[in-house]
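Let's take a walk through this one together. Have the sequence and the 3D view open side by side, and follow along paragraph by paragraph.

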Amino acid sequence: METEKSNLQKMLEAGEFAITAEIGPPMSADGETVREKARELKGNVDAVNVTDNQTSIVRMSSIGASCLAQSEGVECVMQMVMRDRNRIALQSDLLGAWAMGLKNLLVLSGDHQSFGNHPGSKNVYDVDSIQFLQAVTNLQENGVFIGGSKCKAPPHFFLGSTTNPFADPEPLQLIRLEKKINAGAKFIQTQCVYDLERFERFMEKVRERGLHERAYIMAGIFVNKSLKSIQMTQQVAGMSVPDSYVKRFEEAEDKQAEGVEIAVELVKKLRTVKGIKGIHIMAVGWEEIVSTVIRQAGFLPRPVV
């Protein structure tokens, strides 16, 4: 029996320029925090990523927070990192998430535990992100778990992953991107884009391989709120933030307004890049600004498909 597709999948398949945002679950059991963030985003985006213990800090589970957000009428993209669970737990969570109505899944490796608040914890990485993408694809298409046993009622997630156009060496990033798509990723969200020239060069190589025709690629945008924010972003490994943006924050009287202006500029430019089918907006702890960015970029109201 054919299952109902997610709104995000329908948007992308219809050729609409998709918009997603992000919710970082709280470092507490306060469900109202998630509901508030979901209400801020409702109607402004096509789906919302819910992170999985981002930066290796203990937070409310992605599954739990996703269900809370969806109860507010916001479709979610549940993230799953390979760092914390073995193949038994990963597959178990897949079944539970689908049963609770989640339809989009984003698979990624996860930040090393040394970055977080439990640096002495053991990482798992029983399978890596590419292996798990293959496993989910096999489960969904053939109804077979990693261990070989059959699943009577497999899930049917719209399956996605990530890529970083700015990490070195670039050829390795392109190889990993192609492997993820070969493994079953249908949509790809990129690392935050600031360096447009470098991103254009990356996308040219993506197009040469025809990868933009095999998966929907969504460019990442981070909305910086302050000078400190963009300075910290510039220092993150695998990021490429031109000094010109830092200078703009230094000279701006209204730092928040400058952050919005830069984000809107980047969104408009990225929309013109061949092969880009959507934007993923990250505004950590500033979810209420996402609607402003989307409106100023000309993406509201969102189409219905």
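**Aromatic pairs, a helix pair and one alanine**

Start with Phe157: its relative accessibility is 5%, so it counts as buried (buried means under 20% relative accessible area, exposed over 50% and partly exposed in between, with a 1.4 Å probe and protein chains only). Before going on, a word on the ground rules: this is a predicted model, where local features need pLDDT of at least 70 and side-chain atom pairs count only at pLDDT 80 or more, while totals for chains, interfaces and linings use all residues. Residues are numbered from 1 along each chain as its sequence is written, and side-chain values use heavy atoms, with hydrogens and water left out.

Now for the rings. The structure has 5 aromatic pairs, where rings of Phe, Tyr and Trp (its six-membered ring) pair if their centres lie within 6.5 Å; planes under 30 degrees apart count as stacked, over 60 as edge-to-face and the rest as tilted. Phe157 pairs with Trp98: the ring centres are 5.3 Å apart and the planes sit at 75°, so this pair is edge-to-face. Trp98 belongs to helix 4 (residues 87-99) and Phe157 to the loop between helix 5 (129-142) and strand 5 (158-163), so the pair ties together parts 59 residues apart in sequence. Helices (H or I, at least four residues) and strands (E, at least two) are DSSP runs, numbered from the N terminus.

Another pair is Phe166 with Phe199, whose ring centres are 6.4 Å apart with planes at 35°, so this one is tilted. Phe166 is in the loop between strand 5 and helix 6 (170-182) and Phe199 is in helix 7 (residues 196-208), so the pair links parts 33 residues apart in sequence. Both Phe166 and Phe199 are buried.

Ala167 is also found in the loop between strand 5 and helix 6. With a relative accessible area of 15%, Ala167 is buried. Leaving out residues up to four places away in sequence, Ala167 touches Gln173, Arg198 and Gly238 (contact means heavy atoms within 4.5 Å).

How do helix 2 and helix 3 pack? Helix 2 (residues 31-41) and helix 3 (residues 62-70) meet at an angle of about 50°, with their axes 8 Å apart. Axes are lines fitted to C-alpha atoms, for helices over the stretch in contact, and angles run from 0 to 180 degrees between N-to-C directions. On the helix 2 side, Gly31, Val34, Arg35 and Ala38 meet Ala65, Leu68 and Ala69 of helix 3.
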